[in-house]
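Trainee: I would like to learn how to read a structure such as this one, feature by feature. Could we look at it together?

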Amino acid sequence: MKKPLEANMRQVNWFFFILMCVSMTLIPFLFSATLQAQDTSNTVFVLEEAAICRNIVDRAPIGRGSVFHADTERLYCFTKVVGAKKDTTIIHHWYLNGKLKASVTLPVKSASWRTWSSKKINPSDTGDWMVEILTADGNAVESILFLVQ
């Protein structure tokens, strides 16, 4: 009776040994394939700076803030992108109280690129604002929250 039990245990041990060997071989391969897919993305860059401001002068934000008065005629969303390996775009979605008010697609044409969008602010445009900054393929990079009162 001991022989069939010992034979079964040997088969089970071999099965787990083979399963472990196959797993240890395949998991690193699958992980490296995932990393390679991420590395070849067209939208690899870093958002170095993002701000809501009252003006842009010499490609720099002026009058940064998080609370603005309703009599402000126009606000700007300034972004500085670094590390882009080739031409791409970023998108600024402007929201007021959770409702999309404007969508602006902006070019990124070098490894270090400053760009901005703007939104005319009407006296009735009071409330919670957000500008969501997206990559060309729609992945959110950052959200900037601010208030117009």
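Trainee: Is E48 buried, partly exposed or exposed?

Mentor: Keep in mind that this is a predicted model. Buried means under 20% relative accessible area and exposed means over 50%, so E48, at 46% relative accessibility, counts as partly exposed.

Trainee: Which side chain does E48 meet in a salt bridge?

Mentor: The partner is K80, at 3.1 Å from N to O, and the pair links distant parts of the chain, since E48 belongs to strand 1 (residues 46-53) and K80 to strand 5 (residues 74-82), 32 residues apart.

Trainee: How many salt bridges does the structure hold?

Mentor: There are two, and one of them joins the side chains of R64 and E49, at 2.2 Å from N to O. R64 lies in the loop between strand 3 (60-62) and strand 4, while E49 lies in strand 1, so this pair ties together parts that are 15 residues apart in sequence. R64 is partly exposed at 47%, and E49 is likewise partly exposed at 24%.

Trainee: In what order do the five strands of the open sheet stand?

Mentor: The order is 4-10-9-6-7, with mixed pairing. Strand 4 (67-68) and strand 7 (99-108) each have a single partner strand, so one side of each is left without a neighbour in the sheet. Strand 4 runs parallel to strand 10 (residues 140-148), joined to it by two bridges, and F68 stands opposite V148 in strand 10.

Trainee: Where does H93 lie, and which side chain does it meet in a polar contact?

Mentor: H93 lies in strand 6 (residues 88-96), and its side chain makes a polar contact with the side chain of S103 (3.0 Å). With a relative accessible area of 15%, H93 is buried.

Conventions. Residues are numbered from 1 along each chain as its sequence is written. This is a predicted model: local features need pLDDT of at least 70, side-chain atom pairs count only at pLDDT 80 or more; totals for chains, interfaces and linings use all residues. Side-chain values use heavy atoms; hydrogens and water are left out. Helices (H or I, at least four residues) and strands (E, at least two) are DSSP runs, numbered from the N terminus. Buried means under 20% relative accessible area, exposed over 50%, partly exposed in between (1.4 Å probe, protein chains only). A polar contact is a pair of N or O atoms within 3.5 Å; within protein, one must be able to donate a hydrogen and the other to accept it, and residues adjacent in sequence count only if both atoms are side-chain atoms. Two strands pair if DSSP finds at least two bridges between them. A salt bridge is a side-chain nitrogen of Lys or Arg within 4 Å of a carboxyl oxygen of Asp or Glu.
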